[in-house]
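Open the model in your viewer and keep the selection tool ready. This tour goes from the ligand to a pocket.

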Amino acid sequence: MVNKMADAEDLEKDKPNPYDVALAQLDKAARVAGISPAVREILSQPKNEIIVNFPVRMDSGEYKMFKGYRVQHSNILGPYKGGIRYHEQVSLDEVKALASWMTYKCALHDIPFGGGKGGIKFMPRQHSQAELERITRRFTHALGANIGPEYDIPAPDVGTNGQIMVWMMDTYMNVVGFTDKNANRRVVTGKTVNSGGSLGRETATGQGIVHCIAEWARDRHFDLNGATYMVQGFGNVGSNAAKILARTGASLVAVGDWKGYIANADGINPFKLTEHVQKTGSVAGYPGTRVISRAEFFATTADVFIPAALELEIGVEEAKALNVKLIVEGANGPTETAAEPIIYDKGIGLIPDILANSGGVVVSYYEWLQNKRSERWDLEEVEERLAKRMKRTYLAVNEYAATKKCDWRVAAMAIAIERIGRAYAERGIFP
Ligand code: NAD
């Protein structure tokens, strides 16, 4: 049934600047939250923008230069916190946008962290494991004292995983000092469980998405058993959300990634699809499915759509095509500003990224706490705490949106910046 995947250019399109989108969201929320213009001004720029260029020896023996970024947006509420992305499209403005969304995500949950993000502009798929290790270790070394367990704490994002976090941790631990080596384990989160990671971290973002969907369905007496969903991006976030949602009896009807899109109205097994992706690197070629174009994917009829790939994938055209009841933003910043009114006019619900995908940073916080206290929590405890926190924050956003008659993105951002605004009001700025 699988013929050929959609053309590469079918996957590409012009996108707006993600930092402009982040600023437009901040402005909208600031008007509702009524924070002071000074706080709005402070939040409109990250505190630090770090760019490092570093050489790495390739397997061939040649040296190659890499460009890495770490943007530290805000640490008014706690250490900078946020992922490291390995992708060919990484840019300063992308990382600035992602760092600011981390600030709002942590503040929304009242987690004592600020916001940061980093990345390296390259294609990890084109490198061996040995090269990835050297790139990661050299990047960590180049960042030097710009990261630290009480200062700036990276985590996985697109193109990175637990193994890469362990290489970062090990490099940092080995350069900061001999006697307090183990106190530095929590310099990164999202590590493998064996090397100090938390149980439940790998599935946490997907699990958090499903908590949001379950709350949304409960409020509307909507039965998820027999419902349909579609997922864009089948990496950590997309695949885990798809598998956990399948437990409710909902059925995955369309899915896509960097190589193309597939559909089956009778349902696609997300567990077997995950095995296929682990073997082949893409959903492409999964048996028993129909190859569809990117445009057909966005026009698929389903109850729930989980974008879980990159930012700004839902533009005006995609919003016009969408035929779903609910969008749950697994990816950070997947929706263009101009697409939002179209989505709301169509009566589609939208659970924004800083709420929907926040399960990851919540369990990263739990991992950091476990490392700090030399504890190991069992999976049940991690999952119970995550469920409680996701539900509490979901309810807070729901109530804020109803009281202020605003959409959920504005509500979630407004709760976050009000918290940050209160901290500035109490502390002032130094000197
Ligand atoms: P990942 O690298 O594990 O997976 C990314 C997926 O997106 C892959 O399936 C890839 O093929 C697909 N993809 C890449 N380019 C694409 C394109 N042009 N079109 C369609 N699909 C494309 O990354 P991840 O950790 O799952 O992150 C996905 C999104 O979720 C990102 O926006 C990330 O910032 C966000 N996020 C991740 C976490 C986390 O814990 N990993 C937490 C919160 C938010």
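Which polar backbone atom is 3.4 Å from an oxygen atom of the ligand? Select Gly330: a polar backbone atom of Gly330 is the one. The ligand has 840 Å² of accessible area on its own, and the protein covers 89% of that (Shrake-Rupley method, 1.4 Å probe).

A note before moving on. This is a predicted model: local features need pLDDT of at least 70, side-chain atom pairs count only at pLDDT 80 or more, and totals for chains, interfaces and linings use all residues. Residues are numbered from 1 along each chain as its sequence is written, and side-chain values use heavy atoms, without hydrogens and water.

Next, select Thr205. An N or O atom in its side chain is 2.8 Å from an oxygen atom of the ligand. Then pick Phe234. Here a backbone N or O atom lies 2.8 Å from a ligand oxygen.

Now show the whole shell. There are 22 residues around the ligand (a heavy atom within 4 Å). Asp157, Thr205, Phe234, Trp258 and Asn332 come nearest. Color α7 (201–219) and α8 (236–246): each supplies at least two shell residues (helices are DSSP runs of H or I, at least four residues).

Last stop: the second largest pocket, with a volume of about 220 Å³. A pocket is an open set of points on a 1 Å grid where a 1.4 Å probe fits, with protein on both sides within 12 Å along at least five of seven lines; lining residues have an atom within 4 Å of a point. Select its lining, including Ile42, Lys47, Tyr424, Arg427 and Phe430.

Methods:
Points joined across faces, edges and corners; volume = space filled by probe spheres on them. Polar contact = N/O pair within 3.5 Å; in protein donor to acceptor, adjacent residues only side chain to side chain.
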